[in-house]
Amino acid sequence: MSLPDTRSHALAAAAPWLATARARIASAIAERRLPHALLIRGQQGLGKAALADFIARFALCDRPGSGPCGACPSCVLHEAGTHPDLRRVGLVEEKKQIAVDDIRDMITALTLKSYRGGRKVAIIDPADALNPYGANALLKTLEEPSAGALLILTVARPERLPATVASRCQRIAVLRPDAERALAWLKALDAEIQWPGLLALAAGAPVAAVELARAGAIDLEKEMSEVPSLLAKPSTDLVALAEHCQKRLPAERLRWMENWVTDRIRRGLLTASPGHSPGNPGLPSAARTRHIQGLYAILDQLRVAQAALRGPANVTMLWEQVLGMLARELMTARADRTR
(Lines give C-alpha, C1' and ligand atoms only; values in the text may rest on other atoms or scores of the structure.)
Protein backbone atom coordinates (compact mmCIF):
# COMPACT_ATOMS: atom_id res chain seq x y z
CA MET A 1 0.00 0.00 0.00
CA SER A 2 1.55 3.30 -1.15
CA LEU A 3 -0.48 6.32 -0.08
CA PRO A 4 0.47 10.03 -0.32
CA ASP A 5 1.78 12.22 2.46
CA THR A 6 -1.42 13.95 3.55
CA ARG A 7 0.38 17.16 4.50
CA SER A 8 2.35 17.52 1.27
CA HIS A 9 1.88 20.16 -1.41
CA ALA A 10 1.78 17.27 -3.92
CA LEU A 11 -1.54 16.08 -2.51
CA ALA A 12 -3.01 19.58 -2.70
CA ALA A 13 -1.81 19.94 -6.28
CA ALA A 14 -3.82 16.86 -7.33
CA ALA A 15 -6.93 16.89 -5.10
CA PRO A 16 -9.88 17.85 -7.36
CA TRP A 17 -11.91 19.52 -4.59
CA LEU A 18 -9.03 21.98 -4.06
CA ALA A 19 -9.01 23.14 -7.70
CA THR A 20 -10.94 26.34 -6.95
CA ALA A 21 -8.50 27.30 -4.18
CA ARG A 22 -5.50 26.56 -6.42
CA ALA A 23 -6.92 28.73 -9.23
CA ARG A 24 -7.62 31.57 -6.81
CA ILE A 25 -4.05 31.55 -5.50
CA ALA A 26 -2.60 31.30 -9.03
CA SER A 27 -4.60 34.35 -10.08
CA ALA A 28 -3.52 36.32 -6.99
CA ILE A 29 0.16 35.51 -7.59
CA ALA A 30 -0.01 36.28 -11.32
CA GLU A 31 -1.69 39.64 -10.63
CA ARG A 32 0.63 40.44 -7.68
CA ARG A 33 -2.24 40.81 -5.26
CA LEU A 34 -1.48 38.02 -2.81
CA PRO A 35 -2.72 39.18 0.64
CA HIS A 36 -0.55 39.31 3.73
CA ALA A 37 -2.64 36.68 5.53
CA LEU A 38 -4.77 33.72 4.44
CA LEU A 39 -7.16 31.71 6.60
CA ILE A 40 -7.92 28.22 5.25
CA ARG A 41 -11.14 26.92 6.80
CA GLY A 42 -12.74 23.51 6.51
CA GLN A 43 -13.64 20.24 8.14
CA GLN A 44 -10.82 18.11 9.53
CA GLY A 45 -9.38 15.79 6.91
CA LEU A 46 -9.87 17.81 3.72
CA GLY A 47 -6.21 18.64 3.07
CA LYS A 48 -5.94 22.12 4.60
CA ALA A 49 -2.35 21.51 5.75
CA ALA A 50 -1.41 20.25 2.27
CA LEU A 51 -3.05 23.30 0.70
CA ALA A 52 -1.10 25.59 3.05
CA ASP A 53 2.11 23.83 2.01
CA PHE A 54 1.16 24.18 -1.68
CA ILE A 55 0.47 27.92 -1.28
CA ALA A 56 3.76 28.43 0.57
CA ARG A 57 5.70 26.64 -2.16
CA PHE A 58 3.81 28.60 -4.84
CA ALA A 59 4.43 31.96 -3.13
CA LEU A 60 8.14 31.26 -2.73
CA CYS A 61 8.70 29.77 -6.21
CA ASP A 62 11.18 31.63 -8.43
CA ARG A 63 9.31 30.75 -11.64
CA PRO A 64 5.62 30.34 -10.77
CA GLY A 65 3.09 29.52 -13.47
CA SER A 66 -0.26 27.87 -12.84
CA GLY A 67 1.49 26.39 -9.82
CA PRO A 68 4.99 26.11 -8.35
CA CYS A 69 7.50 25.07 -11.00
CA GLY A 70 9.04 22.29 -8.89
CA ALA A 71 12.54 22.79 -10.32
CA CYS A 72 13.83 26.22 -9.26
CA PRO A 73 16.22 26.61 -6.29
CA SER A 74 13.33 27.70 -4.06
CA CYS A 75 11.24 24.61 -4.90
CA VAL A 76 14.27 22.38 -4.37
CA LEU A 77 14.85 23.90 -0.92
CA HIS A 78 11.15 23.53 -0.11
CA GLU A 79 11.19 19.87 -1.15
CA ALA A 80 14.19 19.26 1.08
CA GLY A 81 12.48 20.99 4.02
CA THR A 82 15.31 23.52 4.30
CA HIS A 83 13.83 26.69 2.80
CA PRO A 84 15.24 29.56 4.90
CA ASP A 85 12.23 31.85 4.26
CA LEU A 86 9.58 29.37 5.40
CA ARG A 87 8.55 28.88 9.03
CA ARG A 88 6.03 26.36 10.36
CA VAL A 89 4.30 26.55 13.73
CA GLY A 90 2.07 23.80 15.11
CA LEU A 91 1.37 21.49 18.00
CA VAL A 92 4.27 19.53 19.45
CA GLU A 93 4.13 16.12 21.10
CA GLU A 94 0.98 15.79 23.23
CA LYS A 95 0.37 19.52 23.65
CA LYS A 96 -3.17 20.83 23.25
CA GLN A 97 -2.15 24.43 22.48
CA ILE A 98 0.50 26.16 20.41
CA ALA A 99 3.13 27.75 22.63
CA VAL A 100 3.15 31.55 22.63
CA ASP A 101 6.97 31.52 22.44
CA ASP A 102 6.73 29.69 19.10
CA ILE A 103 4.47 32.45 17.77
CA ARG A 104 6.85 35.15 18.99
CA ASP A 105 9.82 33.40 17.35
CA MET A 106 7.85 33.18 14.10
CA ILE A 107 6.96 36.88 14.25
CA THR A 108 10.61 37.80 14.77
CA ALA A 109 11.59 35.68 11.77
CA LEU A 110 9.01 37.43 9.57
CA THR A 111 10.44 40.85 10.41
CA LEU A 112 13.93 39.88 9.21
CA LYS A 113 15.10 40.39 5.66
CA SER A 114 14.41 37.52 3.28
CA TYR A 115 17.41 35.22 2.82
CA ARG A 116 16.64 34.80 -0.87
CA GLY A 117 15.39 38.30 -1.60
CA GLY A 118 11.74 37.33 -2.04
CA ARG A 119 8.79 36.65 0.24
CA LYS A 120 8.87 35.25 3.75
CA VAL A 121 6.10 32.74 4.57
CA ALA A 122 4.86 31.31 7.85
CA ILE A 123 2.28 28.55 8.32
CA ILE A 124 0.29 28.15 11.54
CA ASP A 125 -1.40 24.75 11.53
CA PRO A 126 -3.79 24.44 13.28
CA ALA A 127 -4.40 28.08 14.18
CA ASP A 128 -7.44 27.13 16.28
CA ALA A 129 -4.93 25.70 18.78
CA LEU A 130 -3.62 29.19 19.58
CA ASN A 131 -4.11 30.23 23.19
CA PRO A 132 -5.20 33.82 23.97
CA TYR A 133 -1.59 34.96 24.45
CA GLY A 134 -0.52 33.55 21.11
CA ALA A 135 -3.55 35.05 19.37
CA ASN A 136 -2.80 38.47 20.86
CA ALA A 137 0.84 38.27 19.77
CA LEU A 138 -0.27 37.30 16.26
CA LEU A 139 -2.83 40.12 16.08
CA LYS A 140 -0.13 42.79 16.22
CA THR A 141 1.58 41.25 13.18
CA LEU A 142 -1.71 41.02 11.28
CA GLU A 143 -2.46 44.68 11.99
CA GLU A 144 1.03 45.80 10.92
CA PRO A 145 2.34 43.14 8.51
CA SER A 146 5.96 43.11 7.46
CA ALA A 147 6.65 43.88 3.80
CA GLY A 148 6.74 40.73 1.70
CA ALA A 149 5.48 38.51 4.53
CA LEU A 150 2.68 35.95 4.06
CA LEU A 151 0.92 34.26 6.95
CA ILE A 152 -1.12 31.11 6.26
CA LEU A 153 -3.48 29.86 8.99
CA THR A 154 -5.54 26.66 8.93
CA VAL A 155 -8.63 26.07 11.08
CA ALA A 156 -11.10 23.22 11.43
CA ARG A 157 -12.96 24.93 14.28
CA PRO A 158 -13.13 28.62 13.36
CA GLU A 159 -15.23 29.45 16.43
CA ARG A 160 -12.08 28.91 18.52
CA LEU A 161 -10.13 31.56 16.63
CA PRO A 162 -10.66 35.14 17.87
CA ALA A 163 -12.74 37.21 15.48
CA THR A 164 -10.09 39.93 15.61
CA VAL A 165 -7.60 37.49 14.06
CA ALA A 166 -9.97 35.96 11.52
CA SER A 167 -11.23 39.33 10.29
CA ARG A 168 -7.69 40.37 9.25
CA CYS A 169 -7.21 37.36 6.98
CA GLN A 170 -8.49 36.63 3.51
CA ARG A 171 -10.48 33.43 3.80
CA ILE A 172 -10.35 30.29 1.71
CA ALA A 173 -13.15 27.80 2.37
CA VAL A 174 -12.34 24.15 1.68
CA LEU A 175 -15.57 22.25 1.06
CA ARG A 176 -16.10 18.52 1.43
CA PRO A 177 -16.51 16.78 -1.94
CA ASP A 178 -19.54 14.58 -2.54
CA ALA A 179 -19.06 10.88 -1.80
CA GLU A 180 -18.85 9.86 -5.47
CA ARG A 181 -16.06 12.34 -6.20
CA ALA A 182 -14.20 11.47 -3.01
CA LEU A 183 -14.39 7.73 -3.68
CA ALA A 184 -13.18 8.18 -7.27
CA TRP A 185 -10.10 10.02 -5.97
CA LEU A 186 -9.47 7.43 -3.26
CA LYS A 187 -9.83 4.47 -5.63
CA ALA A 188 -7.30 6.09 -7.97
CA LEU A 189 -4.82 5.99 -5.09
CA ASP A 190 -5.40 2.30 -4.32
CA ALA A 191 -8.21 0.30 -5.89
CA GLU A 192 -7.71 -2.63 -3.51
CA ILE A 193 -8.74 -0.75 -0.36
CA GLN A 194 -12.40 -0.83 0.69
CA TRP A 195 -12.79 2.95 0.81
CA PRO A 196 -16.55 3.40 1.49
CA GLY A 197 -16.28 2.24 5.12
CA LEU A 198 -13.18 4.35 5.74
CA LEU A 199 -14.80 7.40 4.15
CA ALA A 200 -17.82 6.98 6.44
CA LEU A 201 -15.51 6.74 9.47
CA ALA A 202 -13.80 9.92 8.26
CA ALA A 203 -17.12 11.79 8.13
CA GLY A 204 -16.81 12.07 4.35
CA ALA A 205 -13.35 13.68 4.39
CA PRO A 206 -11.12 11.90 1.83
CA VAL A 207 -7.75 12.95 3.27
CA ALA A 208 -8.86 11.72 6.69
CA ALA A 209 -9.82 8.41 5.02
CA VAL A 210 -6.25 8.14 3.68
CA GLU A 211 -4.88 8.80 7.17
CA LEU A 212 -7.13 6.08 8.57
CA ALA A 213 -5.87 3.62 5.97
CA ARG A 214 -2.27 4.49 6.83
CA ALA A 215 -3.09 4.05 10.54
CA GLY A 216 -4.27 0.50 9.91
CA ALA A 217 -8.01 1.15 10.20
CA ILE A 218 -8.89 -0.84 7.08
CA ASP A 219 -10.33 -3.69 9.16
CA LEU A 220 -12.02 -1.40 11.68
CA GLU A 221 -15.35 -1.46 9.83
CA LYS A 222 -15.50 -5.26 10.03
CA GLU A 223 -14.44 -5.29 13.68
CA MET A 224 -16.95 -2.65 14.77
CA SER A 225 -19.79 -4.28 12.83
CA GLU A 226 -19.54 -7.16 15.31
CA VAL A 227 -19.98 -4.89 18.36
CA PRO A 228 -23.82 -4.68 18.28
CA SER A 229 -24.04 -8.49 18.26
CA LEU A 230 -21.63 -8.66 21.20
CA LEU A 231 -23.66 -6.11 23.12
CA ALA A 232 -26.83 -8.15 22.67
CA LYS A 233 -25.20 -10.99 24.67
CA PRO A 234 -25.48 -10.74 28.49
CA SER A 235 -22.12 -12.55 28.84
CA THR A 236 -20.14 -9.76 27.10
CA ASP A 237 -17.59 -8.04 29.36
CA LEU A 238 -18.42 -4.35 28.78
CA VAL A 239 -15.41 -3.10 30.75
CA ALA A 240 -12.97 -5.12 28.63
CA LEU A 241 -14.74 -4.05 25.43
CA ALA A 242 -14.60 -0.38 26.50
CA GLU A 243 -10.88 -0.63 27.22
CA HIS A 244 -10.28 -2.27 23.84
CA CYS A 245 -12.22 0.45 22.01
CA GLN A 246 -10.34 3.23 23.77
CA LYS A 247 -6.85 1.83 23.12
CA ARG A 248 -6.80 2.20 19.34
CA LEU A 249 -8.52 4.76 17.10
CA PRO A 250 -11.12 5.73 19.73
CA ALA A 251 -12.41 8.75 17.80
CA GLU A 252 -13.05 6.64 14.70
CA ARG A 253 -14.78 3.95 16.75
CA LEU A 254 -17.04 6.53 18.36
CA ARG A 255 -17.85 7.91 14.91
CA TRP A 256 -18.68 4.40 13.69
CA MET A 257 -21.02 3.96 16.66
CA GLU A 258 -22.61 7.34 15.94
CA ASN A 259 -23.15 6.38 12.30
CA TRP A 260 -24.63 3.02 13.32
CA VAL A 261 -27.01 4.53 15.89
CA THR A 262 -28.03 7.31 13.49
CA ASP A 263 -28.83 4.73 10.80
CA ARG A 264 -30.82 2.71 13.33
CA ILE A 265 -32.85 5.80 14.23
CA ARG A 266 -33.44 6.59 10.57
CA ARG A 267 -34.69 3.07 9.87
CA GLY A 268 -36.92 3.20 12.91
CA LEU A 269 -38.44 6.49 11.79
CA LEU A 270 -38.99 5.09 8.27
CA THR A 271 -40.83 2.15 9.80
CA ALA A 272 -43.29 4.58 11.36
CA SER A 273 -43.95 6.24 7.97
CA PRO A 274 -46.54 4.69 5.63
CA GLY A 275 -45.19 3.33 2.36
CA HIS A 276 -41.66 2.58 3.62
CA SER A 277 -39.96 -0.74 4.20
CA PRO A 278 -39.78 -1.70 7.87
CA GLY A 279 -36.51 -0.88 9.58
CA ASN A 280 -37.23 -2.84 12.77
CA PRO A 281 -39.56 -5.66 11.75
CA GLY A 282 -41.71 -7.13 14.49
CA LEU A 283 -41.29 -4.21 16.93
CA PRO A 284 -44.68 -2.94 18.17
CA SER A 285 -45.45 0.74 17.62
CA ALA A 286 -45.17 1.84 21.28
CA ALA A 287 -41.98 -0.17 21.76
CA ARG A 288 -40.54 1.28 18.56
CA THR A 289 -41.11 4.81 19.89
CA ARG A 290 -39.35 3.91 23.17
CA HIS A 291 -36.52 2.31 21.20
CA ILE A 292 -35.99 5.43 19.07
CA GLN A 293 -36.01 7.65 22.18
CA GLY A 294 -33.42 5.37 23.77
CA LEU A 295 -31.24 5.57 20.67
CA TYR A 296 -31.40 9.37 20.73
CA ALA A 297 -30.17 9.29 24.35
CA ILE A 298 -27.27 7.04 23.27
CA LEU A 299 -26.50 9.44 20.41
CA ASP A 300 -26.25 12.30 22.91
CA GLN A 301 -23.88 10.26 25.08
CA LEU A 302 -21.73 9.38 22.06
CA ARG A 303 -21.30 13.06 21.29
CA VAL A 304 -20.33 13.74 24.90
CA ALA A 305 -17.68 11.03 24.59
CA GLN A 306 -16.40 12.49 21.28
CA ALA A 307 -16.03 15.91 22.87
CA ALA A 308 -14.28 14.34 25.86
CA LEU A 309 -11.51 13.00 23.61
CA ARG A 310 -10.27 16.60 23.30
CA GLY A 311 -9.99 17.03 27.08
CA PRO A 312 -8.79 15.27 30.22
CA ALA A 313 -11.99 13.25 30.88
CA ASN A 314 -11.95 9.51 31.54
CA VAL A 315 -13.03 8.42 28.06
CA THR A 316 -12.88 4.71 28.93
CA MET A 317 -15.58 5.29 31.52
CA LEU A 318 -17.65 7.15 28.92
CA TRP A 319 -17.19 4.19 26.57
CA GLU A 320 -18.51 1.91 29.32
CA GLN A 321 -21.57 4.13 29.71
CA VAL A 322 -22.25 4.23 25.97
CA LEU A 323 -21.80 0.49 25.52
CA GLY A 324 -23.91 -0.23 28.58
CA MET A 325 -26.74 1.99 27.35
CA LEU A 326 -26.67 0.38 23.91
CA ALA A 327 -26.53 -3.14 25.36
CA ARG A 328 -29.61 -2.47 27.49
CA GLU A 329 -31.43 -0.92 24.54
CA LEU A 330 -30.68 -3.85 22.23
CA MET A 331 -31.74 -6.39 24.83
CA THR A 332 -34.97 -4.48 25.54
CA ALA A 333 -35.76 -4.24 21.83
CA ARG A 334 -35.17 -7.97 21.42
CA ALA A 335 -37.46 -8.73 24.37
CA ASP A 336 -40.17 -6.47 22.91
CA ARG A 337 -40.04 -8.36 19.61
CA THR A 338 -40.62 -11.73 21.29
CA ARG A 339 -43.65 -10.61 23.33
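Author: Helix α13 is followed by Leu249, whose phi is positive, near 50°. This is a predicted model, in which local features need pLDDT of at least 70 and side-chain atom pairs count only at pLDDT 80 or more, while totals for chains, interfaces and linings use all residues. Residues are numbered from 1 along each chain as its sequence is written, and side-chain values use heavy atoms, with hydrogens and water left out.

Reader: What makes the phi of Leu249 worth a remark?

Author: Leu249 is not a glycine, yet its phi is positive. Most residues other than glycine have a negative phi, and most peptide bonds are trans. Leu249 sits in the loop between α13 and α14. Helices (H or I, at least four residues) and strands (E, at least two) are DSSP runs, numbered from the N terminus. Ala203, in the loop between α9 and α10, also has a positive phi, of about 55°, without being a glycine.

Reader: How do you know whether Leu249 is buried or exposed?

Author: Buried means under 20% relative accessible area, exposed over 50%, and partly exposed in between (1.4 Å probe, protein chains only). Leu249 has 16%, so it counts as buried. Ala203, at 30%, is therefore partly exposed.

Reader: Which peptide bond is called cis?

Author: The bond from Asp125 to Pro126, with omega near 5°. Pro126 is in the loop between β3 (120-124) and α6 (132-143).

Reader: What makes Asp237 a cap of α13?

Author: A side-chain oxygen of Asp237 lies 3.1 Å from the backbone nitrogen of Val239, at the N-terminal end of α13. A polar contact is a pair of N or O atoms within 3.5 Å; within protein, one must be able to donate a hydrogen and the other to accept it, and residues adjacent in sequence count only if both atoms are side-chain atoms.

Reader: Why are the buried residues of α13 said to be on the same side?

Author: The buried residues are Leu241, Ala242 and Cys245. They cover an arc of only 100° around the axis, which puts them on the same side of α13. The arc is that of the directions from the helix axis to the C-beta atoms. An α-helix has 3.6 residues a turn, so residues three or four places apart point the same way.

Reader: Which residues of α8 are buried?

Author: In α8 (residues 179-189), Ala182, Leu183, Trp185 and Leu186 are buried. They cover an arc of only 160° around the axis, which again places them on the same side of α8. Glu180 and Ala188, on the other side, are exposed.

Reader: Why is strand β1 called largely enclosed?

Author: Four of the five residues of β1 (residues 37-41) are buried, so the rest of the structure largely encloses the strand.

Reader: Which strand does β1 join through five bridges?

Author: That is β4, and the two run parallel. Two strands pair if DSSP finds at least two bridges between them, a condition that the five bridges meet. Ala37 stands opposite Leu151 in β4. β1 also pairs with β5 (residues 170-173) in the parallel sense, over four bridges, and there Leu39 has Arg171 as its partner.

Reader: What makes a space a cavity and not a pocket?

Author: On a 1 Å grid over the protein atoms alone, a cavity is a set of points where a 1.4 Å probe fits but cannot get out, whereas a pocket is an open set with protein on both sides within 12 Å along at least five of seven lines; lining residues have an atom within 4 Å of a point. Grid points are joined across faces, edges and corners, and a volume is the space filled by probe spheres set on the points. The search finds one cavity of 30 Å³ or more. His36, Leu110 and Thr141 are among the residues lining the largest cavity.

Reader: How many residues line the largest pocket?

Author: There are 44, and Gln44, Ala156, Arg157, Arg255 and Arg310 lie nearest its centre. The volume is about 1700 Å³.

Reader: What is the volume of the second largest pocket?

Author: About 210 Å³. Among the residues that line it are His9, Asp53 and Arg88. Asp53 has 5% relative accessibility and so counts as buried. The side chain of Asp53 reaches the backbone nitrogen of His9 at 3.0 Å and makes a polar contact with the side chain of Arg88 at 2.6 Å.
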